[in-house]
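Here is a briefing on one protein chain. Look at the structure first, then read the notes by topic.

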Amino acid sequence: MTDRHLGSDQGGGSRTCPVCQGADLFDLSVRRTPPLLRCRSCRLIFRRDPVHAVVDERMNRERLGRLGEARHPIYTSTLEKLGVHRRLGTLLDIGCGNGYFARLAHQSGWRVAAFDSSEYLCRQARGFGTGMVVRAYAQSVPFSERQFDVVTLWDVIDHLEHPIPALTEALRVLRPGGLLYLRVRNGPIHVGLRRLLLVPKAASVMHTQMFSGSSLATALNVAGFTEIRTDVSSLTTGNPYASPAQQGAGTLKAFKNLWSAGAKLTSRLTHRHLLLAPSIQALARRPLE
Ligand SMILES: [Zn+2]
């Protein structure tokens, strides 16, 4: 493992941290990982070369549906929690994919709008029966200020080279006191898995940003959110990216259930300081004015 400073005098150019704009960056690259940098200030880990490919564009309708079904229990429990925090009102799902969550939210009584940067996925979402779906980018949300009670970002901002403008846009369209919910991969867990030689490479996911709970909270704070609460997210059931024939016996499901339970317990015992699940989530509010 190297730990080489990448300041402007050592080949890092004008590269700064995409969350805190800090310039004190270190090379975390190790065998089996793509080039990674870490910010000494906010501890964000991120890829030196952003990944621009959207994997979901290669998925057909059937595979997208399986992914939605695998996340179904997470979606429904999140909708229950959001319903407790806010009376049912308006909800915007940014980066809606095939619209699975947006449709569930609509069925739960929310007035839903959704968008995705991929026209392919927008078409899937419209065909799926999701209400209002437009093509747009998270950095330029096509809605007016203070329009929504809730904004959701499911596995979106860790794909973005510049996550702060997207969070700032989410804040802008929320009403004062409105709620943001987001979920991302737990970066340090995936970096750790990748370094373990006995774990297949496919078990870890190297998105553009590798947020931890603390760097995610920093990002939300920088964007202007308050009452930020990060925690582990439940694991999906089985392998959402595999076909039914590739799922195998219930071993993977049992393993993931055990991991999920252990991560939730650890989070509770450490007051949400130690987040050991492969995905993390955050709730935050737009400040009241
Ligand atoms: Zn930083």
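**Overview**

Buried residues make up 40% of the chain's 289 residues. A residue counts as buried if 20 or more other C-beta atoms lie within 10 Å of its own, as exposed if 12 or fewer do, and as partly exposed in between; C-beta atoms are placed from the backbone. This is a predicted model: local features need pLDDT of at least 70, side-chain atom pairs count only at pLDDT 80 or more, and totals for chains, interfaces and linings use all residues. Residues are numbered from 1 along each chain as its sequence is written.

**Fold**

- The chain has seven helices and eleven strands. Both are DSSP runs numbered from the N terminus: helices are H or I with at least four residues, strands are E with at least two.
- Among contacts with a separation of 6 or more, 64% join residues 24 or more positions apart. Two residues are in contact if their C-beta atoms, placed from the backbone, lie within 7 Å.

- Four strands form an open sheet in the order 1-2-3-9, with antiparallel pairing. Strands pair if DSSP finds at least two bridges between them.
- Strand 1 (25–27) and strand 9 (209–210) stand at the edges with a single partner strand each, so one side of each has no neighbour in the sheet.
- Three bridges join strand 1 to strand 2 (residues 36–39), and the two run antiparallel.
- Aspartate 27 stands opposite leucine 37 of strand 2.

**Nonpolar core**

- The largest nonpolar core has 69 residues; Ile94, Val151, Ala170 and Leu180 touch the most other members. Such a core is a set of buried Ala, Val, Leu, Ile, Met, Phe, Trp, Tyr and Cys residues joined through C-beta atoms within 7 Å.
- Strand 8 (residues 174–185) gives this core its largest share, six residues.
- Beyond its neighbours within four places in sequence, alanine 170 contacts Ile94, Val151, Leu153 and Leu180.

**Helix 1**

- Helix 1 (residues 61–85) has a kink of about 55 degrees at arginine 71, shortly before proline 73. The bend is the angle between axes fitted to the seven residues ending at a residue and the seven starting there.
- Its buried residues are Leu64, Arg71, Tyr75, Thr78, Leu79 and Leu82.
- Their cover includes helix 2 (100–107), helix 3 (119–127), strand 7 (148–154) and strand 8.

**Alanine 114**

- Alanine 114 lies in strand 5 (residues 111–116).
- Alanine 114 is buried, because 28 other C-beta atoms lie within 10 Å.
- Glycine 131 is 17 residues away from alanine 114 in sequence and 7.8 Å away in space, C-alpha to C-alpha.
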